[in-house]
Amino acid sequence: MSASAAEQTQRGFVGRDTATGEDFCPILGFDHLELYVGNAKQSAAYYCHAFGFECTAVRGLETGERARASCLVEQGDIRLVLTSALTSSHDAARSVRRHGDSVAVIALRVPNAEEAFAAAVSRGARAAAPPAIARDEHGELRHASICLYGDCVLQFMERRAYGGVFGPGFEPAPETPGAAAPASCGLLAVDHVVANVELGRMNEWARFFSRVLGFNQLVHFDDEAISTEYSALMSKVMQDGSGVIKFPINEPAEGRRKSQIEEFLDFHEGPGVQHIACRTEDIVDTVSRLRENGVEFLHVPDTYYDDLEQRVGKIDEPIDRLAELGILADRDEDGYLLQIFTKPVEDRPTLFYEIIERHGARGFGEGNFKSLFVALEREQGLRGNL
Ligand code: FE2
C-alpha cells in the first residue's frame with residue numbers, strides 16, 4: 001500500500017530540541033513493524049486466521065529474493081512484515097535462534113529519512129544501516145536505521161516517491177485457491193510498543209528517546225506502583241511531541257521472586273519488544289471475534305468486576321459483557337479505557353499483544369496493573385518460572 005497524499009502532506013509530529021526549540025525529527029506515524037520468525041508463511045496464516053489480518057504482499061524466491069522470505073499482513077493502519085531466513089547466515093536465522101520469533105524492526109514514517117538519520121546519529125544514536133535508496137518501476141523508497149535496545153532497530157522510512165505495493169522486492173500476494181479471505185477483527189492502528197530492558201537500563205533508554213528523537217516523558221511508574229506479593233517492575237513512557245508515538249520501557253525491580261520482566265529477558269535472551277498494543281473502536285466486537293478465532297487471553301478473576309463501576313464510574317459498555325470477555329477498564333483524568341492482553345503468541349513466554357479502546361483516556365490502565373500482574377504471575381507459575 002502506498003502512502004496517501006493526505007499522509008504525505010500531514011504535518012509531522014515534533015521532536016523539538018529543548019534548548020533551541022528546533023524541530024529536528026518530524027515523524028508522520030508508525031510505518032510498520034517487522035518480525036523475524038521461524039516460518040513467515042505459517043506466521044502469516046496465524047495472524048490472518050487468528051487476528052483478522054490480510055496478507056497483501058510477499059517477497060521470496062518467486063519474486064527474485066534469495067536470502068529471505070516475507071509476508072506483509074495488514075489490518076486498518078497496522079502493517080506487520082513477517083520475515084524468515086532462506087539461509088542460515090541471514091540475520092533472521094540468527095535472531096530466531098537467539099530470541100525466538102520477535103520484533104526486529106520498528107519503522108517510523110518520516111518526511112526525510114536521511115535528515116532523520118543524520119539528526120539521530122549527531123545526537124548519539126548508533127547507526128544500524130546508513131541512508132539507502134531502494135528502487136523499482138514504482139519509484140524510490142528511502143530508508144536508514146539506528147540501533148535500539150537489544151537487537152532491535154528503529155528504521156526511518158520515507159515513502160514520498162514510492163507508489164508500489166509496500167516496497168521494492170515485494171509483489172501483491174497471489175490469490176490462494178480455496179482460501180477464504182479472513183474477516184477483519186476491527187484492529188485499527190498501533191497504539192504503543194513496549195520494551196523490556198535489563199535491570200538498571202530503563203533510564204538510559206528513556207534518555208535515548210529524549211536526546212535522539214526529542215521525545216518527552218509522559219509518565220513514570222515506580223516499583224511501588226507496579227508490585228505484587230512476589231515481584232515488581234518500573235516503567236517510563238516516552239512519547240513524541242504529538243503523543244501519537246508512545247514507547248513504554250519496563251525494567252525489573254527487586255522482588256521476592258522472579259518478575260515477569262526477568263522471565264521475558266531470560267527467554268528472549270536479552271531486551272526487546274514485550275507487547276504491541278493495537279487500537280480498536282469496538283473492543284467487545286474485536287475480542288469476541290478474536291476469541292472465536294482461538295486467540296488466548298490472560299484470565300482475570302471474576303471478582304475484578306464486582307466493584308468495577310465504583311472504581312471507574314459510568315462506562316458505555318455493559319459490565320456483564322466485559323466480564324464475559326475478560327476485558328479490563330480504567331479511568332484517568334481525561335476519560336476511560338478498555339483493554340485486554342493476549343497470552344504470548346509464540347512458544348517462549350515473550351511477545352504478546354494488547355487490544356485497547358480509548359474513550360479519552362491517555363494512560364495505560366494503571367488501575368489494572370495489580371490484577372494484571374497477579375494474572376501474569378499465575379501463568380508464569382504454571383510455566384515453572386516464578
Ligand atoms: Fe500496554
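Phenylalanine 166 sits in the loop between β8 (153-158) and β9. Its phi is near 60 degrees, a positive value in a residue other than glycine. Phenylalanine 166 is also buried, at 5% relative accessible area. The model is predicted. The chain is assigned two domains, domain 1 (29-172) and domain 2 (187-383).

**Domains and their contact**

- The C-alpha centres of domain 1 and domain 2 are 25 Å apart.
- Domain 1 puts 37 residues into the contact, and domain 2 puts in 34 residues.

**Nonpolar cores**

- In soluble globular proteins, nonpolar side chains tend to be buried together.
- The largest nonpolar core here holds 101 residues. Tyr47, Ile106 and Phe156 have the most contacts inside this core.

**The nine-stranded sheet**

- Nine strands make an open sheet with mixed pairing. Their order is β6-β7-β8-β5-β1-β4-β3-β2-β9.
- β6 (127-136) and β9 (171-172) are the edge strands, and each pairs on one side only.
- Strand β2 (residues 54-59) runs antiparallel to β9, and two bridges join them.
- Valine 58 faces glutamate 171 of β9 across this pairing.

**The β15-β16 hairpin**

- β15 and β16 form a hairpin, with two residues between the strands.
- Strand β15 (residues 328-332) pairs with strand β16 (residues 335-341) in the antiparallel sense. Five bridges hold this pairing.
- Arginine 331 stands opposite tyrosine 336, which belongs to β16.
- Is β15 mostly covered or mostly open? It is mostly covered, since four of its five residues are buried.

**Cavities**

- The model has five cavities of 30 Å³ or more.
- The largest cavity has about 250 Å³ of space.
- Its lining counts 22 residues. Asn250, Gln274, His275, Phe369 and Phe373 lie nearest the centre of the largest cavity.
- Which elements each supply at least two residues of this lining? They are β10 (189-196), β12 (232-239), β13 (246-253), α6 (260-268), β14 (272-279), β17 (352-359) and α10 (369-382).
- α10 gives the most to the lining of the largest cavity, with four residues.

- Valine 287 is part of helix α7 (residues 283-292). Its relative accessible area is 0%, so valine 287 counts as buried.
- Leaving aside neighbours within four places in sequence, valine 287 contacts Phe297, Leu325, Ile327 and Ile340.
- Valine 287 and histidine 220 are 67 residues apart along the chain, with 29 Å between their C-alpha atoms.
- Aspartate 285 is also placed in helix α7. At 33% relative accessibility, aspartate 285 is partly exposed.
- Aspartate 285 and cysteine 185 are 100 residues apart in sequence. Their C-alpha atoms are 7.7 Å apart in space.

**Positive phi values**

- Most residues other than glycine have a negative phi.
- Glutamate 269 has a phi near 55 degrees, a positive value in a residue other than glycine.
- Where is glutamate 269 found? It is in the loop between α6 and β14.
- Glutamate 269 is partly exposed, with a relative accessible area of 41%. Phenylalanine 166, by contrast, is buried.

Definitions and conventions. Residues are numbered from 1 along each chain as its sequence is written. This is a predicted model: local features need pLDDT of at least 70, side-chain atom pairs count only at pLDDT 80 or more; totals for chains, interfaces and linings use all residues. Side-chain values use heavy atoms; hydrogens and water are left out. A nonpolar core is a set of buried Ala, Val, Leu, Ile, Met, Phe, Trp, Tyr and Cys residues joined through side-chain atoms within 4.5 Å. Buried means under 20% relative accessible area, exposed over 50%, partly exposed in between (1.4 Å probe, protein chains only). Two strands pair if DSSP finds at least two bridges between them. On a 1 Å grid over the protein atoms alone, a cavity is a set of points where a 1.4 Å probe fits but cannot get out, and a pocket is an open set with protein on both sides within 12 Å along at least five of seven lines; lining residues have an atom within 4 Å of a point. Grid points are joined across faces, edges and corners, and a volume is the space filled by probe spheres set on the points. Domain bounds come from an automatic or database domain assignment. Contact means heavy atoms within 4.5 Å.
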